[in-house]
Amino acid sequence: MSKLVVIKLDKGSLNDGFPLVTAQYWETSSSRPTQFTASLPSAPEIGEIYKRFQLMYESLHERMVKRSMIEIDSVGLNNVSEVDFGEVQQQLHSALNDWLNCNSFRPIDQQLRARLALDDELQVIFETSNYVLRYLPWHLWNFFEDYRYAEVGLSFAKYEQVKPFIKKYHANQVRILAVLGNSAGIDVQKDKKILEELPLSSTVFLVEPSRQELDKHLWDKRGWDILFFAGHSSSQNHKGKIHINQNSTLTIAELRNALKFAIARGLKLAIFNSCDGLGLTQQLADLQIPQTIVMRHNIPDVVAQKFLKYFLTSFASGTPFYVAMRYARERLQGLEDNYPGVSWLPVVCQNPAEEPVTWLSLCGQPNTISGTDSPNQKFQIIFLASIVITSLLMGIRSLSILQYWELSIFDTMMRMRPAEKPDPRIVVVTVTEADIQAQKQRQKSSISDETLQKLLLYIQLHKPAAIGFDVYRDFPVDKKYPSLKTQLQSYNNFIAVCQAASSKIQSPGVSPPPEIPKERTAFSDVSVDAYSVVRRHLLSMTPDSDSRCQSSDSLSLRVAQQYLATTNGITLEITEEGLLKLGNIVFNPIDVPTGGYQKFSSTGHQILLNYRASKNIGTQVTLGEVLSDKFNPQLFQGKIVLIGVDSDSAKDFFLTPYSLVNPVRQEVPGVIIHAHMVSQIISAVLDKRPLLFALPVWGEVIVVGGCSILGCILALYAKSRLQFIIFIGTILIALYTTCLILLVRGCWAPFLPSSLAFVSSAIAVKVCKNQKQDFEFILETKHV
């Protein structure tokens with residue numbers, strides 16, 4: 001259904017202006033109207049210009065008729081008259097737009113544009129009883145230049161809906177009563193031929209009928225859908241009459257009862273393809289006829305025939321009524337070299353309480369060929385488009401084509417999370433390059449036996465809950481430091497690291513310190529993505545039989561176990577499904593695919609690493625600060641102490657999502673990575689801090705498909721290109737915000753495929769919708 005705007009100009013005149021102009025807007029026939037108000041200033045010059053236009057047109061019309069009758073192909077019209085007439089047309093065009101574009105009327109213009117799409121089908125009805133206003137060429141308003149499916153119409157102030165009539169006869173045909181009246185000087189046979197060629201129609205022709213014959217046919221109980229008149233007609237004192245034969249004329253009042261009956265029996269459209277027909281419309285409107293087409297002034301016969309052909313052929317092919325009317329009117333412009341001003345003549349007089357008819361509705365059939373898709377058709381478009389686009393995107397995603405971009409967006413969202421406080425349970429002791437150089441004894445390790453002995457004595461003195469030693473020591477303690485050997489063997493809260501064998505670099509791994517029993521060793525390996533970015537947390541894995549590191553647990557898991565067992569009595573459990581469990585928290589491993597990961601090594605028991613959103617993971621201090629008493633040793637008590645190297649010579653650095661915030665990537669020491677991992681485990685168990693998880697594949701398909709459906713709906717119902725773009729931007733921001741909130745709560749939602757599905761669906765459906773309308777317009781043009 002086309003949208004409807006009724007602009008009421010009932011109180012005022014061109015001389016006095018219109019202090020109150022009301023516009024009512026209907027989105028659908030069943031919706032409540034939205035009302036806007038404005039005003040129009042006085043514009044007496046419009047009336048004066050129109051009078052000049054009318055006089056000049058009538059003068060030119062006489063010459064047009066004479067020229068048609070004597071069939072001369074020369075210039076024919078007086079050149080000066082044509083130039084003068086063109087200037088008057090331009091003056092009227094400018095004056096009318098200056099009036100309608102004034103500031104006082106602009107609220108109506110702006111409110112309408114805010115609610116309309118450029119491709120909306122739209123009726124703009126000017127409701128007025130002022131005959132000067134009814135003769136004005138309202139289609140010149142530049143508003144119509146922006147809306148190609150909008151057309152103007154006229155109405156009177158009083159109208160009501162006609163009681164619906166159900167066709168019982170000729171239910172699949174349009175019944176047309178064609179009255180071919182006085183044909184002196186015109187060729188009505190061409191009108192007859194056009195009517196005979198219409199599809200799905202049954203036409204009864206009355207050639208120069210008597211009043212009794214016309215009256216009799218109007219009283220036909222089978223009813224008529226269209227009343228057509230070709231011949232001569234005229235209007236005087238705002239009243240019109242038709243010349244039904246060479247001797248008789250009739251007014252609408254003289255046919256009132258018969259026409260009233262015909263309208264009650266389903267007459268929807270009257271076409272008076274004759275001269276000066278506006279005087280006929282007042283009494284027809286009193287009878288509440290839905291639509292009437294008339295000519296404002298005298299019209300040359302050839303122009304009338306062309307209009308009839310353009311309009312009926314387009315209308316009968318399924319084009320909406322008002323679109324067909326505009327199409328036919330605008331095509332008359334091609335005749336204006338010989339017939340100036342004729343494209344201004346056709347006008348629709350509409351009963352606003354009635355919906356515009358369609359050719360199929362006149363046949364008694366549902367309207368399935370109109371420019372507006374039915375709800376079922378829209379549902380099919382949305383359903384099919386979303387399935388195709390969702391399937392295509394998820395297929396592309398499964399090939400890991402989107403993985404780099406999804407992980408990049410994941411990193412961005414990680415950095416945008418609200419800040420957290422550092423974990424108060426963790427103390428990180430880093431061995432800097434200065435600390436290494438300050439040691440007197442130099443060995444294979446970054447920490448000499450002497451320095452390590454002092455450090456452990458100092459830390460153990462303050463009773464930490466767990467110590468994680470992230471420094472490789474695959475050699476025994478020097479015999480000079482027997483107490484260090486004893487410390488390593490006896491400190492049950494001390495956990496040392498080894499490195500698992502790697503087939504990629506053909507390495508057998510690195511052994512743990514020989515003094516440390518196996519249950520207090522752990523591997524320090526981490527799962528690394530492309531470009532050395534750590535986003536996954538490797539908890540455990542099965543070591544190769546030939547690996548020098550035979551520990552199955554990671555440093556973070558062992559340290560967390562030690563801390564939780566010491567402080568809270570929580571021990572590690574293995575569920576029936578083989579999953580790791582600490583307290584009430586089960587660590588579900590990730591597998592291919594998981595979220596944006598479509599391709600990665602899923603070896604071992606891995607989870608996503610939920611970095612703590614704080615500048616420092618915990619308390620950080622250097623080795624030199626600890627040994628020189630520049631650090632409060634009480635902070636070690638009951639804490640987790642992680643010892644690791646922060647030196648370029650150690651080459652133990654990785655990238656994290658937080659490393660990519662600047663053009664220069666800031667690498668993070670491995671001990672800090674392990675600190676985040678330990679914090680993730682104990683925070684999940686003790687603080688209920690969420691572990692990261694991704695939706696299952698079927699859940700992601702639903703989300704992506706839902707976004708695709710949303711994009712399709714937006715494309716079908718967006719009212720303008722600007723609104724379409726604003727909606728896309730707004731929804732993308734809302735989608736990103738939603739995914740960020742979900743990530744804070746632990747859920748990695750598929751933002752990139754969802755946004756791609758939304759945008760591609762919206763654009764695809766919008767393009768197809770526009771192409772469909774353009775294609776229908778081309779077909780109509782070719783058909784005509």
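Two strands are said to pair if DSSP finds at least two bridges between them. In the predicted model described here, strand β1 (residues 3-8) and strand β4 (residues 122-127) are joined by six bridges and run parallel. Within this pairing, Ile-7 has Phe-126 of β4 as its bridge partner.

Confidence in the prediction is considered next. The protein chain has a mean pLDDT of 89, with 92% of its residues at 70 or more.

The strands β1 and β4 belong to an open sheet of 11 strands with mixed pairing, in the order β3-β2-β1-β4-β5-β14-β13-β12-β8-β6-β7. At its edges stand β3 (34-40) and β7 (201-207); each has a single partner strand, so one side of each is left without a neighbour in the sheet. On average, neighbouring strands of this sheet are turned by 25° against each other, direction ignored.

Helix α6 (residues 188-196) lies across β6 (174-180), β7, β8 (226-230) and β12 (269-273), and runs at about 160° to β7. Helix α10 (residues 301-316) also packs on the sheet, where it touches β8, β12, β13 (291-295) and β14 (346-350). The direction of α10 makes about 155° with that of β12.

Strand β14 can be examined in more detail. Strand β5 (residues 150-155) runs parallel to β14 and is joined to it by two bridges, with Val-348 of β14 as the bridge partner of Gly-153. On the other hand, β13 and β14 pair in the antiparallel sense over five bridges, and Gln-291 stands opposite Gln-350 in β14. Five of the five residues of β14 are buried, so this strand is largely enclosed by the rest of the structure. Both of its faces are covered: one side carries Pro-346, Val-348 and Gln-350, the other Val-347 and Cys-349, and all of these residues are buried.

A second open sheet consists of six strands in the order β18-β17-β16-β25-β15-β24, and its pairing is parallel. The edge strands, β18 (521-523) and β24 (619-622), each pair on one side only. Here, too, neighbouring strands are turned by 25° against each other on average, direction ignored. Within this sheet, strand β15 (residues 426-432) pairs with strand β25 (residues 640-646) in the parallel sense over seven bridges. Val-429 stands opposite Ile-643 in β25.

Aromatic side chains were examined across the whole structure, and the search finds 32 aromatic pairs. One of them is formed by Phe-53 and Phe-85, whose ring centres are 5.3 Å apart and whose planes lie at 25°, so the pair is stacked. This pair links distant parts of the chain, 32 residues apart: Phe-53 lies in helix α1 (residues 44-70) and Phe-85 in helix α2 (residues 79-100). Burial is defined by a relative accessible area under 20%. Phe-53 therefore counts as buried, at 2% relative accessibility, and Phe-85 is likewise buried, with a relative accessible area of 1%. Another stacked pair is that of Phe-143 and Tyr-147, at 4.8 Å centre to centre and with 25° between the planes. Phe-143 and Tyr-147 are both buried. These two residues also take part in one aromatic cluster, which is formed by Phe-18, Trp-99, Phe-105, Phe-126, Trp-138, Trp-141, Phe-143, Phe-144 and Tyr-147. Among the members is Phe-126, the bridge partner of Ile-7 in β4.

Arg-689 is found in the loop between α20 (670-686) and β28 (693-694). With a relative accessibility of 12%, Arg-689 counts as buried. Its side chain is joined to that of Glu-420 by a polar contact of 2.9 Å. Apart from neighbours within four places in sequence, the residues in contact with Arg-689 are Arg-417, Glu-420, Asn-610, Tyr-611, Arg-612, Ala-613, Gln-680, Ser-683 and Ala-684.

Key: Residues numbered from 1 in each chain as written. Predicted model: local features only at pLDDT ≥ 70, side-chain atom pairs only at ≥ 80, totals over all residues. Heavy atoms only, no water. Helix = DSSP H or I, 4+ residues; strand = E, 2+ residues; numbered from the N terminus. Axes fitted to C-alpha atoms, helices over the stretch in contact; angles between N-to-C directions. Buried < 20%, exposed > 50% of the residue type's maximum accessible area, 1.4 Å probe, protein only. Polar contact = N/O pair within 3.5 Å; in protein donor to acceptor, adjacent residues only side chain to side chain. Contact = heavy atoms within 4.5 Å. pLDDT = per-residue confidence, 0-100. Phe/Tyr/Trp six-rings, centres within 6.5 Å; stacked < 30°, edge-to-face > 60°.
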